[in-house]
Amino acid sequence: MDQLRAMRVYAQVVDAGSFTGAADKLDLAPAVVTRLVADLEAHLGARLLNRTTRSLALTQAGERYLERVQRILADVEDAETAANLETAEPRGVVRVLASPAIATHQLAKHIPKLRTQFPKLTIELTVQNSVETVDDSHDISILTLMRPLQTGNFVARLLAQSEMIACASPQYLDVRGRPQKPVDLLSHEWLLPFAPDGNKETTFEHCPLSTGKSQKSVTLPQPAMALSTTHLDTLFHAAIAGMGITAVPTFLADEALASGQLERVIPDWRIKTLWIYAAMPTRMHVPARTRVFIEFLLKTFGGAARDPWLVAPNCQVAASAPNPALKSTRKSSRKAA
């Protein structure tokens, strides 16, 4: 009996909840799966699973054995990964979860560089409007949070910060005037992200270049908005079209600001700071393909508590930050942007 193979089959049967499901995932005949588990039980002299016509249940011995099997299989895979890092080019599918704005304005233009370096990698990108925490079905979840990450049942690396700033097209500002302070925005057309919590106020934080640490803030009531949506790209393009003043993150607006399509409004003020992380489910090993993707993201975005997309020098964030590598056992409830 190939004991390691039998252990893998046993773990897959438990994970799938049936011999047929395990056979499908392993591309084996159901009879082969059944025989391997029976051989394993005979070798151990203990029943691992109680079988009924509709379900499987772990015995007490099977539960204890599964814990050790999972550790052994993780160690084996970790050893194989370490060997592959030295002898083989990273290959295979990296499953990535990201918000539409990150996917469209950042990943789409940077991934080609990664593929040039590692042509045997395939990126499977899932775009989801709100990425609040790690999705276990993905290798990497790119989180965009409103505050620093403190806890989570995953491993996370800080990629960067991004300021949420006010922008408008030069054409709109030529007609309606350029605000000098937050209160001036009340006489303008606003294009703001929809607030699902019903918040009807917007707080601006003063961050002049001369000090960088001003604690002054101004909270404005929200006037009737010209456009409100959870889709940041819609606000972004509406602002370029001259519809009004919007609030978008610098990672989305950087190229439009540099090209002159958008102009930063009240540049000594920011609305909030976003924290961007690459997070993975907690596990003992990281495949080579996932490791090189994480390292690429860190190199591309800086891996520090600063905003690499800020076109104007104002509002730079000091480089102090929590430990960028986080690992814990309790799930985070941080709200995503």
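Helices α5 and α7 are oblique to each other, a class left for angles that are not under 35 degrees (roughly parallel), over 145 (roughly antiparallel) or 65 to 115 (roughly perpendicular). This is a predicted model, in which local features need pLDDT of at least 70, side-chain atom pairs count only at pLDDT 80 or more, and totals for chains, interfaces and linings use all residues. Residues are numbered from 1 along each chain as its sequence is written, and side-chain values use heavy atoms, with hydrogens and water left out.

Two packed helices are described by the angle between their axes and the distance between the axes. The axes are lines fitted to C-alpha atoms over the stretch in contact, with angles running from 0 to 180 degrees between N-to-C directions; helices are DSSP runs (H or I, at least four residues) and strands likewise (E, at least two), numbered from the N terminus.

| Pair | Angle | Axes |
|---|---|---|
| α5 and α7 (residues 232-240) | about 60° | 8 Å apart |
| α5 (residues 100-117) and α8 (residues 250-259) | roughly 60° | within 9 Å |

In contact (heavy atoms within 4.5 Å) with α8 residues Phe251, Leu252, Asp254 and Glu255 are Ala101, Ile102, His105, Gln106 and Lys109 of α5. On the α7 side, Leu232, Asp233 and Phe236 meet Pro100, Ala101, Thr104 and His105 of α5.

Elsewhere, Tyr277 lies in strand β14 (residues 272-281) and is buried, at 2% relative accessible area (buried means under 20%, exposed over 50%, partly exposed in between, with a 1.4 Å probe and protein chains only). Tyr277 and Ala160, 117 residues apart in sequence, are 7.2 Å apart in space, C-alpha to C-alpha.
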